[in-house]
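Good morning, and thank you for making time on the agenda.

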Amino acid sequence: MKNTAPAIFAPDGIGDTKPINQAMLDWVHEIGTLTEPENIFWCDGSERENEFLIAESLKQNVLIKLNEKKVPRSYLHRSNPNDVARVERFTFICTPTKEEAGPTNTWSEPAETYSKLHGLLKGAMRGRTMFVVPYIMGPPDSPLTKVGFEITDSKYVVLSMRIMTRMGKIALERLGNDPKAEWNRGVHSLLDVDPARRFICHFPQDNTIISVGSGYGGNVLLSKKCLALRIGSYLARKQGWMAEHMLILGVESPEGKKHYVAAAFPSACGKTNFAMLIPPKHFKGWKVTTVGDDIAWMQVRDGRLYAVNPESGYFGVVPGTSYKSNPNAMKSIARDSLYTNVALTDDGDVWWEGKDGPPPAHAIDWRGNDWTPESKEKAAHPNSRFTTPMRNNPALDSDVEEGKGVPISAIIFGGRRSDTVPLVYQALDWDHGVYLGATMASETTAAAAGAVGQVRRDPMAMLPFCGYNIGDYFQHWLDIGKRLTHPPLIFNVNWFRKGAGGKFLWPGFGENMRVLKWVINRCEVNGGALQSPLGWLPGPHDLDLEELDIDHKCVAELLGIDHGEWQKEIAEHKKFFDSLGGVVPQQLLSQRDQLAARFTE
Ligand code: GTP
Ligand code: SPV
Ligand code: MN
């Protein structure tokens with residue numbers, strides 16, 4: 001399937017809404033002069049424009065139309081097989097000094113990097129159309145909302161940005177004609193989709209992103225990881241707010257009391273699933289609603305933390321998604337969706353490992369090859385994705401457009417840990433919670449190129465996404481805590497603990513409601529808990545396990561703290577902090593000493 005494609009020519013009235021902001025026009029002119037496209041297409045986000053771009057994408061084999069009866073208004077895209085995930089090794093933070101990027105980022109000198117990228121971009125769009133995509137991140141009336149422009153030579157990117165962001169006129173209006181207005185400059189070119197020429201570069205001081213050589217997800221939808229997290233976190237620290245890799249959900253009790261919870265899990269560790277959770281039958285009258293599934297921008301208001309979801313769509317992991325695991329996601333992706341790297345059935349439907357029902361007798365796999373259930377290869381790539389508008393979600397929260405955000409009662413950290421880490425526990429206070437976040441670890445997943453299943457420290461699930469020095473980031477968390485008179489309670493969860501047989505001990509998905517209920521009860525100060533060296537742990541009767549088919553031994557194992565394992569874990573915390581070369585705030589070092597001491601009491 002095509003990723004790069006020749007120029008397209010639009011009829012009058014499509015692709016010709018030129019913005020009025022001179023600074024913006026000058027920038028487009030500059031990039032145009034460098035990349036030498038055949039023509040420029042100015043996106044306005046209209047329905048007509050979208051239809052035109054889809055029609056052209058079908059003609060050019062950039063998209064395949066799916067069966068209109070089975071998945072209306074939906075399309076399949078196959079990325080280059082060498083280009084199926086984020087590339088962390090080739091993601092750069094280009095600050096004036098290496099110290100500003102800090103020990104966890106790959107730093108690259110700004111002037112040299114610009115010069116290298118300009119070399120790669122020179123004439124890169126010859127024979128292609130250059131699209132200019134205006135968008136905003138955040139609800140239109142939020143003080144946190146940011147304007148961005150993405151220049152790209154990929155129609156797939158344009159179509160995806162229209163789902164993932166509030167795109168088009170709304171951004172042009174917000175930008176206005178002030179030549180000094182703040183906005184993010186994003187330049188993306190597929191080049192020739194060669195992994196050797198694939199670089200995702202961030203210039204926080206210039207509010208600029210340049211991404212070349214990829215056509216995939218987080219590498220190229222520059223609004224998402226690049227702006228909303230890497231540049232976002234840099235701006236957030238400077239301006240006193242937070243940009244986090246967190247889902248946001250609402251949970252309402254049968255009595256009608258509502259809380260909001262934000263949760264940071266690393267890539268492919270369950271954010272989308274948790275954000276769309278449907279409580280099991282036993283939880284009659286409980287309702288969970290989604291504000292966001294990947295990114296939270298949060299600010300302090302009247303001593304509380306409020307969160308908005310800057311995005312307007314979901315770019316979610318497909319494999320494993322089913323009516324059993326995530327009915328709300330299944331309903332969301334039943335129409336108006338782009339599918340990337342899933343299998344295509346003979347009747348024009350999509351299929352993936354873990355979908356409901358039996359596998360098709362024959363399909364075309366994500367690479368475009370014939371596939372049968374006997375094939376050794378997977379039909380869908382493990383990091384295959386759906387792109388779907390959040391308005392499709394039956395559980396969308398009613399306050400998702402609320403500019404001031406939703407008040408956060410609890411923050412949850414979590415990762416994929418086969419051992420050591422209990423199902424859930426609560427931090428003693430904000431600073432201890434920051435320590436939990438700072439030391440969290442998770443087994444790596446297919447969301448990033450590289451080995452899968454290796455435990456690595458991933459502070460606040462932000463290791464690949466923090467756009468500045470991680471020590472300053474930890475300090476920023478501690479500083480935010482000082483401004484909160486009603487700080488959210490902080491928890492850690494682990495849905496992925498395994499038993500001796502190597503099987504998950506916890507059923508997960510909808511059943512995570514049981515853990516969520518305990519979290520909410522703790523916020524309401526009516527949930528029981530036991531003190532442990534790790535913090536507050538639910539006692540055997542504090543978790544609502546009614547109507548759950550799980551034996552007591554399993555629960556004990558899930559909540560168990562193995563002192564031997566924790567000696568090793570604490571040593572790993574020390575090793576991690578030491579590896580950061582002295583940037584870790586003193587408060588966190590002393591949290592570690594206190595944790596170690598609690599184990600010897
Ligand atoms: P990104 O979009 O990469 O940020 O991922 P995410 O954090 O939103 O993860 P997502 O919800 O898409 O889940 C990723 C994988 O974890 C999928 O294969 C899910 O089936 C699986 N998963 C999600 N929740 C659970 C759970 O509670 N238990 C288990 N065992 N697996 C889960
Ligand atoms: C993640 O990896 O955390 C994602 C997918 O949400 S991507 O947009 O590709 O980064
Ligand atoms: Mn993510």
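Let us start with the lining of the largest cavity, to which helix 11 (430–439), strand 28 (489–493) and helix 15 (563–579) each supply at least two residues. Helices here are DSSP runs of H or I with at least four residues, strands are runs of E with at least two, and both are numbered from the N terminus. Helix 11 is the main contributor to this lining, giving four residues.

Before I continue, a word on conventions. This is a predicted model, in which local features need pLDDT of at least 70 and side-chain atom pairs count only at pLDDT 80 or more, while totals for chains, interfaces and linings use all residues. Residues are numbered from 1 along each chain as its sequence is written, chains are lettered from A and ligands numbered from 1 in the order in which they are written, and side-chain values use heavy atoms, with hydrogens and water left out.

Rolling a probe the size of a water molecule over the atoms shows where empty space is left. On a 1 Å grid over the protein atoms alone, a cavity is a set of points where a 1.4 Å probe fits but cannot get out; a pocket is an open set with protein on both sides within 12 Å along at least five of seven lines; and lining residues have an atom within 4 Å of a point. Grid points are joined across faces, edges and corners, and a volume is the space filled by probe spheres set on the points.

How many cavities of 30 Å³ or more does a search of the whole structure find? There are four. The largest cavity holds about 160 Å³ of space. Its lining comprises 19 residues, and V421, Y425, M440, N492 and W566 are the ones nearest its centre. By class, that lining has ten nonpolar, six polar and three charged residues. In this scheme Ala, Val, Leu, Ile, Met, Phe, Trp, Tyr, Cys and Pro are nonpolar, Asp, Glu, Lys and Arg are charged, and the others, Gly among them, are polar.

I turn now to the largest pocket. Its volume is about 1,100 Å³, and of its 46 lining residues A268, C269, G270, V317 and R416 lie nearest the centre. Two or more residues of this lining come from each of helix 8, helix 9, strand 17 and strand 23 (385–389). Helix 9 provides the largest share, four residues. The lining divides into 19 nonpolar, 17 polar and ten charged residues.

As for polar contacts (pairs of N or O atoms within 3.5 Å), an oxygen atom of ligand 1 lies 2.8 Å from a polar backbone atom of T272, and one lies 2.9 Å from a polar backbone atom of F509. Of the 660 Å² that ligand 1 exposes when taken alone, the protein buries 90%, with areas from the Shrake-Rupley method and a 1.4 Å probe.

Finally, ligand 2. The residues around it include R86, G218, K225, H245 and R385. Its shell divides into three nonpolar, four polar and five charged residues. Oxygen atoms of ligand 2 lie 2.9 Å from a side-chain N or O atom of R86 and 2.8 Å from a side-chain N or O atom of K225. The protein covers 98% of the 290 Å² of accessible area that ligand 2 has on its own.

Note on methods: A polar contact is a pair of N or O atoms within 3.5 Å; within protein, one must be able to donate a hydrogen and the other to accept it, and residues adjacent in sequence count only if both atoms are side-chain atoms. A residue is near a molecule or strand if one of its heavy atoms lies within 4 Å of it.
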